[in-house]
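Biologist: Here is the model I would like to go through. Please begin with the terms.

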Amino acid sequence: MTTRGRPKSFCPDRALENAMQLFWQRGYEAASLQDLQAATGLSKSSLYQTYPSKQAWFVAAFSLYVAQRRALMLEQLAASASPLGFIRERLLSVLDDDGPDGVPRGCMLVNVANEFSLSEPALVPVLQQATAGICQVFEQALERAVACGELSGCDDRVALAGYLQCVMSGLRTQVKSGLPAASIRTTVAVVMASLNSG
């Protein structure tokens with residue numbers, strides 16, 4: 001007699017990573033339960049044993065994305081010799097968000113915000129926390145830029161960090177809409193010039 005359930009090779013972290021990639025590529029509505037099963041390698045019953053609903057899988061996958069992105073940004077900032085150089089590279093990184101099929105998939109944070117807005121209460125605190133986390137990394141970069149003399153001063157680092165986060169989100173949307181890379185680079189150059197002139 002055989003028992004049904006999770007395969008012996010089931011790895012929760014790997015399953016969640018695969019679910020994240022699926023939702024990032026397709027969004028919530030377009031990803032079916034069958035797609036989720038295929039991506040994770042789990043049966044329907046095992047999916048619900050791991051997380052109780054498709055929405056719960058999505059929230060967990062999005063939370064994983066947010067944690068990974070923030071950790072990567074902090075790692076890159078720590079390794080950068082130039083805080084302003086870090087900011088510039090982060091803004092230009094919007095050009096590197098192609099999916100497996102070569103089509104720009106954008107930032108999952110921006111995608112989720114655009115898909116759901118405030119219609120999903122469970123996602124609101126996750127979205128707010130994600131946005132705040134990215135802004136905090138930009139705040140740290142601005143603080144370091146002032147400390148090392150790259151910026152002459154910064155009266156409101158919180159507001160400026162929020163501005164940079166908004167710029168990055170807008171650039172990602174423009175990339176997905178097909179704006180040429182040269183135009184994105186020009187916009188980033190203007191943003192960086194405004195920081196240096198401030």
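Modeller: Buried means under 20% relative accessible area, exposed means over 50%, and partly exposed lies in between (1.4 Å probe, protein chains only). This is a predicted model, where local features need pLDDT of at least 70, side-chain atom pairs count only at pLDDT 80 or more, and totals for chains, interfaces and linings use all residues. Residues are numbered from 1 along each chain as its sequence is written, and side-chain values use heavy atoms, with hydrogens and water left out.

Biologist: Is Arg157 buried, partly exposed or exposed?

Modeller: Arg157 forms a salt bridge with Glu143, the closest N and O atoms being 3.8 Å apart; a salt bridge is a side-chain nitrogen of Lys or Arg within 4 Å of a carboxyl oxygen of Asp or Glu. Glu143 has 38% relative accessibility. With a relative accessibility of 30%, Arg157 counts as partly exposed.

Biologist: How many residues apart in sequence are the parts that Glu143 and Arg157 tie together?

Modeller: Helices are DSSP runs (H or I, at least four residues), as are strands (E, at least two), numbered from the N terminus. Glu143 belongs to helix H7 and Arg157 to helix H8, so the parts that the pair ties together are apart in sequence by 14 residues.

Biologist: How many residues of helix H5 are buried?

Modeller: Helix H5 spans residues 83-92 and is mostly covered. Its buried residues include Pro83, Phe86 and Arg90. Of the ten residues in H5, the number buried is seven.

Biologist: What is the N to O distance in the salt bridge of Asp35 and Arg26?

Modeller: Arg26 is partly exposed, at 45% relative accessible area. Its side chain meets that of Asp35 with an N to O distance of 2.7 Å.
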